[in-house]
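Trainee: I'm new to this one. Could you pick a single part and walk me through it slowly?

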Amino acid sequence: MRLRLHALAVTLLASTLAVAQDIKLNVTYLCNGERIYVENCNIRDTSDTSTCMVAHPDHLTPSGMNTYTYMTRGALKKLLPTCKQPTAQELAAQQAFQKKQQALIDAQTPKYNNAPAPAAAPAQSAGVSYGALPPPKDPEERAMRRCVSSDRLPSTCTGNGLLGMFTGMISSTLSSLAGAKPADTGPDAGPNMAGVFQGAGNWRLDFTTDGVLVNCSFLSPNEETYSLSLANNRATLTLHTTPKQLVLTVHMDGTITGPLGPVTIDGVVPGGSVGGGMSAGHIENKETTTYSQNYNDGTVDSHTTTQSTYVPGTYTAPQTTFVPRRATCPAINLTSKGAGVGVETMETNLLKNAFGGDQGPPTPAGIRMHGVFASASTGFSVQFFPESAILGCGPDAARAYPYTVIADGTKAVVNIATPDHPLTIAFRADGSLDPGSGPYQVHGRMITGQDDNDDFTFAPMERTCNLAVLTPAKEIPSAGGATALATPSAGLFTPDKPLGNAALSVVSGFPSSPNPLANRPYVLLRSSYADALAQGGVTVPAGVSPFAFVALTCAPQPHTANCQNILAAINSNAASAVRADTSGNGTLPGVPPGTYYLMISALVNGQPLMWSQAITLHAGANSIALTAANAQPMK
């Protein structure tokens, strides 16, 4: 998906929220004795002929889910005023949700081109510059930028954020209904379960953020809580059911097994319905009086007629009632293969689609992780989501990667699939995570603006943090890490160990606020860019610019083998490198005197420019000023 589509969807949604308020979403109306709520409406067409999806919680499917109908916006405008209106509590919850939703939308709506610098910038971590972007105006916008820059799908970032608020709002609404459970605060940071598992005897477990929907035999889905333990390197899943808890084992092949033999479980079944039916029809009389003036004597005559109309009765849907039942179900032997999509996945995808975004890869069924684990002393953190884990160094440098959780009897670890430095994190008995020790470089990025296609543009934000034991945390560390080289190599110079006595100072010739060269990597190659690629075994198609070839290869998927080969070729050819400061200035560690080639790029006034010319360095100090005059457009 191109981000242009996503940005367009977000902009359309933001512009139509006010229009959509004539139909309030996710608040309960009582219409003709039946509860309904409007789950969503077409955000691109706000005319009376556009459609909305209406939920009927009093009419459930055999699996216990709401049934849905579609009504036009015009029909709802006529119907809803005749119904019993939502409570003040529901309206307050809906307004709070809408405010939070608008904040997320504002955080994702592209407002970056030509954005004026704020009068007073909020505090930033040391060494962080936002280039052409104004600093984030609040923590939510900063978190959204971090999520998008980490390489997660923008629609996924929005969908996760809104789903949490959506679930909380619905829980608050449901708590006002008779017999509803109070809202749950969600699980603490740590391992949890995801996906759907099913087996013989109509067994089905559907895991959600707040628990698990359990049903078997003739029972309807019933929400239960659960706990997951990885003690002794094995995954033990405990369902808090009655009359006895069910203690199950989660296997690495996508199966869940329980005790041998049948089990007894308490649940619910539809017990019938109350209310409903057709009311009696009646006759409505409408009198119409017409008047005429008698011009001979000035009197006025009146004539009254009566029109009788038969009004048929109205249908009131019955409300399904549930009653407790106990069932004996077969031995538990469940699998995620072919089990279908769960309730929470459907909700998340609905929110992603509302923003015009891709749904992205499905969340793997089985053991997943939730929450933030961090080391406040070093700034290193891991933020877990259902489909990926974001490695972070400090508050802004972050990158998302797939992960797996293994508890196979010999070990209990999280494997994070970073191409250049795979990370294995061990579970500790006290609930913390141990990633080992030593420096770890996070290949972060920062949003610098948008290109002509409304796609976000990024600049590298390489940071190095020391690994340390990670404990559950409520927030990402607000500081930590040091600036890292853009193209690290085990055999490359370090600033305190230069390779020679010829030093190069690079000076920015651009305005200092904001400076387009701020925090840009400056690399000195031993060969030209094209020759460096060729020497590294990278073949550039004839007639194609090497810079365009690299951009087309690495920009969409930077973790592919082809892109890693390109980075390795440049890395092996690099003689020296440094990252510029916030003014765009930097001094590269010394190299032996000779001829080298610059490798510098930046987005200047929306145009990508590059400096790749040969430069001869003499012993001692050398310098070059970067301006638009000695740059060339990147093609």
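**Two helices, side by side**

Mentor: Let's start with how helix α8 passes helix α9: the crossing is left-handed, a label used if the near helix is turned anticlockwise from the far one by less than a right angle, with right-handed used if clockwise. Before going on, this is a predicted model, where local features need pLDDT of at least 70, side-chain atom pairs count only at pLDDT 80 or more, and totals for chains, interfaces and linings use all residues. Residues are numbered from 1 along each chain as its sequence is written, and side-chain values use heavy atoms, with hydrogens and water left out.

So, where are we? α8 covers residues 546-554 and α9 covers residues 561-573; helices here are DSSP runs (H or I, at least four residues), numbered from the N terminus, while strands are E runs of at least two. Their axes lie 9 Å apart, at an angle of about 135 degrees. Those axes are lines fitted to C-alpha atoms over the stretch in contact, and angles run from 0 to 180 degrees between N-to-C directions. The pair is therefore oblique, given that under 35 degrees counts as roughly parallel, over 145 as roughly antiparallel, 65 to 115 as roughly perpendicular and the rest as oblique.

Now look at who touches whom (contact means heavy atoms within 4.5 Å). From α8 come F549, V550, T553 and C554, and they meet N562, C563 and I566 of α9. Sorted by type, the contact has five nonpolar residues, two polar and no charged. Nonpolar takes in Ala, Val, Leu, Ile, Met, Phe, Trp, Tyr, Cys and Pro; charged is Asp, Glu, Lys and Arg; the others, Gly among them, are polar.

For a contrast, find the open three-stranded sheet, ordered β36-β33-β40 with mixed pairing. β36 (586-591) and β40 (620-626) are at its edges with a single partner strand each, so one side of each has no neighbour in the sheet.

Conventions
Two strands pair if DSSP finds at least two bridges between them.
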